[in-house]
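Please have a look at it first.

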Amino acid sequence: KVARYYTKAIKIDPEYVEAYYDRGNVYSHNREYGRAILDYTWAIELDPGNAEFYKRRGHAHHELWHLDLAIRDLTIAVEMDPNDADAYTNRGISYVAMGRYDLAIRDHTKAIIIDPDYPEAYTNRGNAYRFEEEYDRAMEDHNAALELDPNLALAYHDRGITYRAMGHYDLAIGDHNKALEIRPKFVWGYSCRGATYTKMGDYDRALIDHDKAVEIAPKYGRAYYNRANTYVHKRDYNRAIQDYSRALKVMPMFTWAYSNRGVAYAKEGDADRAIQDYNKAIELDPTYAAAYYNRGVTLKSEKEFDRAIQSFTRAIEEEPNYAEAYYERGNAFFAKKECTLSIQDHTQAIQLDPEYALAYNARGIACAWEENYGRAIEDFGRAIEMDPDLAAAYSNRGFAYYREGDYERAILDLN
């Protein structure tokens, strides 16, 4: 109804700039971001010197995962008004979505310098620190936000996600609950509490929360995305694909959804569609390491080892500390019986993650293939220390003991 009033005003006066802007705000509130962008664009054409219009259009672009366009608009906004703390914080949020955490921290810090009593800037900077795994600094910022505003649901929500990242699930749920107590229709609150329940393995509660988020905001793509992730954990890949597709209908540039839908297609045995989705994610974001990694895993399962190695290499180029990419590239090298390169990659994975049991086990296999059974036995032993339930490591060590002539230990491990 409200949008219709603005439409009537625009028909009477097609150059009524405030009507375009206000109708854009109505559309944005209703999560009709495509329509909002059109109205903000009309407002900008009529009044190109208004920083607020660029800021609002940047926010709408962010919600549709048009991250480059969001950054462009928000950069124009801060250039026009260098004292707009909100514009810096919004740009910082988009930088986080792009994985540019250093730039996000810089922008949120700038917002805090402009307005030291701006709680949203603190909690959003905390989110950037969380992605950098600087959990102490993240918690300091979330707590600072709550000191400034004890009823800020967003800060409880964000702190809950940081607790989840730290493995403190009960504390995370407590903060999610507090956020929803303050804002009972907080869509992202339900969606993220569902993600925490998923981490806890409580998929039924997770789906209840995701369903609630979708019920409140059926046009919110990320609510479908989070529910899809829970379906993946439940191994219900068909429903996961449906929800990733719903997310992409609303947010056609959502790279994470393409990559994760690719994983679901691969689990369903549809390698061709999986690779199409990974390629689309990479087309939209050529720096997206996880898409290269996922494509490599699927190519390896299809025994296209050279192409898999190329994909894992690109993932490592984009994210040099990607332990899983080294591990999987090492497996692809081993499939080609290039054991020296396989051992090198598994060693690098272990250096990045010293408790990576599967990497010890894989390096042990490569060493055993080269008949270096002593080193293989040592690696299988380390794998077992890290994961006492890793049956393959016992089996592999039993084989290595057998080849060494230690039949008694071989039998113990194989048993």
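Predicted model: local features only at pLDDT ≥ 70, side-chain atom pairs only at ≥ 80, totals over all residues.

Residues are numbered from 1 along each chain as its sequence is written, and side-chain values use heavy atoms, with hydrogens and water left out.

Two packed helices are described by the angle between their axes and the distance between the axes. Helices here are DSSP runs (H or I, at least four residues), numbered from the N terminus, and the axes are lines fitted to C-alpha atoms over the stretch in contact, with angles running from 0 to 180 degrees between N-to-C directions.

Let me begin with helix H6, residues 85-97, which packs against helix H7, residues 101-114, at an angle of about 165°, the axes being 8 Å apart. That makes H6 roughly antiparallel to H7, the term for angles over 145 degrees, while those under 35 count as roughly parallel. H6 and H7 cross in a left-handed sense, meaning that the near helix is turned anticlockwise from the far one by less than a right angle. Contact means heavy atoms within 4.5 Å, and among the residues that meet are Tyr-88 and Ile-93 in H6 and Leu-103 and Ile-114 in H7. By class, this contact has 10 nonpolar, three polar and four charged residues, where Ala, Val, Leu, Ile, Met, Phe, Trp, Tyr, Cys and Pro count as nonpolar, Asp, Glu, Lys and Arg as charged, and the others, Gly among them, as polar.

The next pair is helix H23 (residues 373-386) with helix H24 (residues 391-403), whose axes lie 9 Å apart at an angle of about 155°; H23 and H24 are therefore roughly antiparallel to each other. Their crossing is left-handed, and the contact of H23 with H24 divides into 10 nonpolar, two polar and two charged residues.

The contact is made by Val-17, Tyr-21, Asn-25 and Ser-28 of H2 and Glu-52, Phe-53, Arg-56 and His-59 of H4.

Finally, what lines the largest cavity? The lining consists of Tyr-33, Glu-63, Lys-219, Tyr-220, Gly-221, Val-250 and Met-251 (a cavity is a set of points on a 1 Å grid over the protein atoms alone where a 1.4 Å probe fits but cannot get out, and lining residues have an atom within 4 Å of a point). Its volume is about 30 Å³.

Terms used. 1 Å grid on protein atoms, 1.4 Å probe; cavity = no way out; pocket = protein on both sides within 12 Å on 5 of 7 lines; lining within 4 Å. Points joined across faces, edges and corners; volume = space filled by probe spheres on them. Helix = DSSP H or I, 4+ residues; strand = E, 2+ residues; numbered from the N terminus. Parallel < 35°, antiparallel > 145°, perpendicular 65-115°, else oblique.
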